[in-house]
Amino acid sequence: EEIIGAEEVQSVPLAKALTSAKQELERTKNYSKNMRIRSPIEGKVEKSDISLGDHIGPEQELFQVIDAAKLKFQAYLSEHEHNQLSADPKAIILDGRGVQYEGKVVFISKAANPKNLSFEIEVIFDNKEDKIKEGTGVEILLSSKEMKTYKLPLSALVISPSGDLGVMLYNAGDGRAYFQKVEIVDQDENSMWASGISDSAKVITMGQTSLSNGSKVKAKLAE
């Protein structure tokens with residue numbers, strides 16, 4: 001066949017276009033990658049502040065994510081309760097239904113809060129199975145030191161002139177009543193469990209409020 005004319009192919013501009021296209025593809029991939037929003041923690045979305053199609057900006061809050069796999073409970077003890085704790089206290093957590101779970105004590109304050117004189121404790125609970133909902137109230141039971149206590153009627157309790165709580169004991173040797181300071185470990189509506197009393201002690205449960213330390217009394221054993 002007869003060749004009427006020919007033109008040299010310009011390959012350089014096509015090569016530049018291919019390189020430019022590859023660079024644009026890479027930029028698009030990076031842009032798409034940067035568009036992914038990742039939470040710094042694992043958990044469940046509790047609240048969303050945006051809707052599909054909304055414009056967002058830097059540092060704008062988008063979601064509230066809750067990680068309830070491990071819960072931390074804070075509680076506050078009185079000085080009396082703090083002094084009763086065992087050296088390595090165990091924690092039992094009771095939910096609103098009364099179901100018991102085992103927790104772990106991770107912090108016990110050594111100093112009282114100057115505002116309310118309470119001691120803070122922290123208990124951790126492994127909640128991977130979502131047994132306790134975050135934010136719910138629970139009751140925490142802590143193991144205490146072993147001590148011997150005696151069940152007495154609440155009415156037996158008296159207050160000394162210096163403000164100490166205790167009971168009046170009868171001394172058969174001289175027939176007199178003497179004040180004995182006690183520590184109340186627990187109590188219910190009518191009774192208390194108190195420590196600081198010996199096995200042989202005779203606690204006066206009637207008329208004790210009118211007695212003073214060393215008062216002469218005529219004792220009668222309760223039936």
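# Salt bridges, sheets and cores in a predicted model

The structure holds 7 salt bridges. It is a predicted model, and every value below was computed from it.

The pairing of E3 with E6 is antiparallel and runs over 8 bridges. As an example of residues that face each other, Ala75 stands opposite Ile121 in E6.

## The nonpolar cores

The largest nonpolar core has 15 residues. Within this core, the residues with the most contacts are Phe73, Ile93, Val123, Phe125, Ile132 and Ile140. Two or more residues each come from strand E3 (70-77), strand E4 (91-94), strand E5 (100-108) and strand E6 (119-126). Which strand gives the most to this core? It is E3, with 4 residues.

Phe73 shows how such a residue is surrounded. Leaving aside neighbours within four places in sequence, Phe73 is in contact with Ile93, Ile121, Glu122, Val123, Phe125, Ile132, Thr136, Val138 and Ile140.

E8 pairs with strand E13 (residues 191-195) in the antiparallel sense, over 4 bridges. Leu152 has Met192 in E13 as its bridge partner.

## Residues in the loops

Most residues other than glycine have a negative phi. Where does Leu117 lie? Leu117 is found in the loop between E5 and E6, and it has a positive phi of about 60 degrees although it is not a glycine. With a relative accessibility of 58%, Leu117 counts as exposed, because exposed means over 50%.

Asp130 is a second case. Its phi is positive, at about 55 degrees, although Asp130 is not a glycine. Asp130 lies in the loop between E6 and strand E7 (139-142). Its relative accessible area is 26%, so Asp130 is partly exposed.

Pro161 sits in the loop between strand E9 (158-159) and strand E10 (165-171). Is Pro161 buried or exposed? Pro161 is exposed, with a relative accessible area of 93%. The C-alpha atoms of Pro161 and Asn213 are separated by 9.8 Å, and the two residues are 52 residues apart along the chain.

Side chains of opposite charge can pair when their charged atoms come close.

| Lysine | Aspartate | N to O distance |
|---|---|---|
| Lys133 | Asp130 | 2.7 Å |
| Lys148 | Asp199 | 3.0 Å |
| Lys181 | Asp164 | 4.0 Å |

In the pair of Asp130 and Lys133, Asp130 is the residue with the positive phi described above. Asp130 is partly exposed at 26%, and Lys133 is partly exposed with a relative accessible area of 48%.

The side chains of Lys148 and Asp199 also meet in a salt bridge. Lys148 is in the loop between E7 and E8, while Asp199 is in the loop between E13 and strand E14 (215-216), so this pair ties together parts that are 51 residues apart in sequence. Both Lys148 and Asp199 are exposed.

Lys181 forms a salt bridge with Asp164. What does this pair tie together? Lys181 lies in strand E11 (residues 176-181) and Asp164 in the loop between E9 and E10, so the pair ties together parts that are 17 residues apart in sequence. Lys181 counts as exposed, at 52% relative accessibility, whereas Asp164 is partly exposed, with a relative accessible area of 28%.

Technical notes: Residues numbered from 1 in each chain as written. Predicted model: local features only at pLDDT ≥ 70, side-chain atom pairs only at ≥ 80, totals over all residues. Heavy atoms only, no water. Pairing = 2+ DSSP bridges. Buried < 20%, exposed > 50% of the residue type's maximum accessible area, 1.4 Å probe, protein only. Core = buried A, V, L, I, M, F, W, Y, C linked by side-chain atoms within 4.5 Å. Contact = heavy atoms within 4.5 Å.
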